[in-house]
Amino acid sequence: MPRIHVSPLSRIASTVEATGASHLVSLINDGTPVERPASIPAERHLFLGISDVVAPTEGMITPATEHVRALLDFVAAWDRRQPMLIHCYAGISRSTAAAFIALCAVGPERAESEIAERLRAAAPSATPNALLVGLADNLLDRRGRMVAAVAAIGRGEMAYEGVPFGLGIDGED
């Protein structure tokens, strides 16, 4: 079963090794060093240099439509034969938003609320970046349902770093 995994930056190598992920998405501050595991070719690594902000902030790179479009294009090109790993610095906000977005994109028939609830069950600390989710909601024409689903699960438990987790793209975990 194809899966999307999420981890913090510190656990990329161990998560790729444990899951056999063939694709990697990095959503992290521009300039942050990310060591891509040797098992993942450069063309299967999407690096989005964005800050974890939900509004324009001086000195930060605000997530924008072009970032979410690049994520959606990368997910669409994924052959789903092996898992995908999505990470940010802590594995709590940008990466959980991207995983939610990816699951909505590959499962257009699935209810956004179901996907958000599965995310919450798998990751108690998940606090998906609301700006990324809102941009994806518009691009995927979900008419506010993605935004509402993430708002309904609320802020996750406080944590310095999230614990790696995975979700099946077919709704089975």
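A nonpolar core is a set of buried Ala, Val, Leu, Ile, Met, Phe, Trp, Tyr and Cys residues joined through side-chain atoms within 4.5 Å. In this predicted model, the largest such core comprises 41 residues, and the members that touch the most others are I4, V25, L27, L71, I86 and F100. Helix α3 gives the most to this core, contributing 9 residues. A second, separate core has 8 residues, among them I12, V16, A21 and L85. In soluble globular proteins, nonpolar side chains tend to be buried together.

The surroundings of L27 may be examined in more detail. Beyond the residues up to four places away in sequence, L27 touches L48, I50, I86, H87, C88, Y89, R94, S95, A98 and L132.

Helix α3, which spans residues 94-106, also packs against helix α6, residues 145-153. The two axes lie 12 Å apart and form an angle of about 135 degrees, which means that α3 is oblique to α6. The crossing of α3 past α6 is right-handed. On the α3 side, the contact is made by F100, I101 and C104, while α6 supplies M146, A149 and V150. The residues of this contact comprise 6 nonpolar, no polar and no charged.

Attention now turns to H5, which is located in strand β1, residues 3-8. The relative accessible area of H5 is 10%; H5 therefore counts as buried, since the cut-off is under 20%. Apart from neighbours within four places in sequence, the contacts of H5 are T15, T19, P83, M84, L85, I86, F165 and G166.

Terms used: Residues are numbered from 1 along each chain as its sequence is written. This is a predicted model: local features need pLDDT of at least 70, side-chain atom pairs count only at pLDDT 80 or more; totals for chains, interfaces and linings use all residues. Side-chain values use heavy atoms; hydrogens and water are left out. Axes are lines fitted to C-alpha atoms, for helices over the stretch in contact, and angles run from 0 to 180 degrees between N-to-C directions. Helices (H or I, at least four residues) and strands (E, at least two) are DSSP runs, numbered from the N terminus. Angles under 35 degrees count as roughly parallel, over 145 as roughly antiparallel, 65 to 115 as roughly perpendicular and the rest as oblique. A crossing is left-handed if the near helix is turned anticlockwise from the far one by less than a right angle, and right-handed if clockwise. Contact means heavy atoms within 4.5 Å. Ala, Val, Leu, Ile, Met, Phe, Trp, Tyr, Cys and Pro count as nonpolar, Asp, Glu, Lys and Arg as charged, and the others, Gly among them, as polar. Buried means under 20% relative accessible area, exposed over 50%, partly exposed in between (1.4 Å probe, protein chains only).
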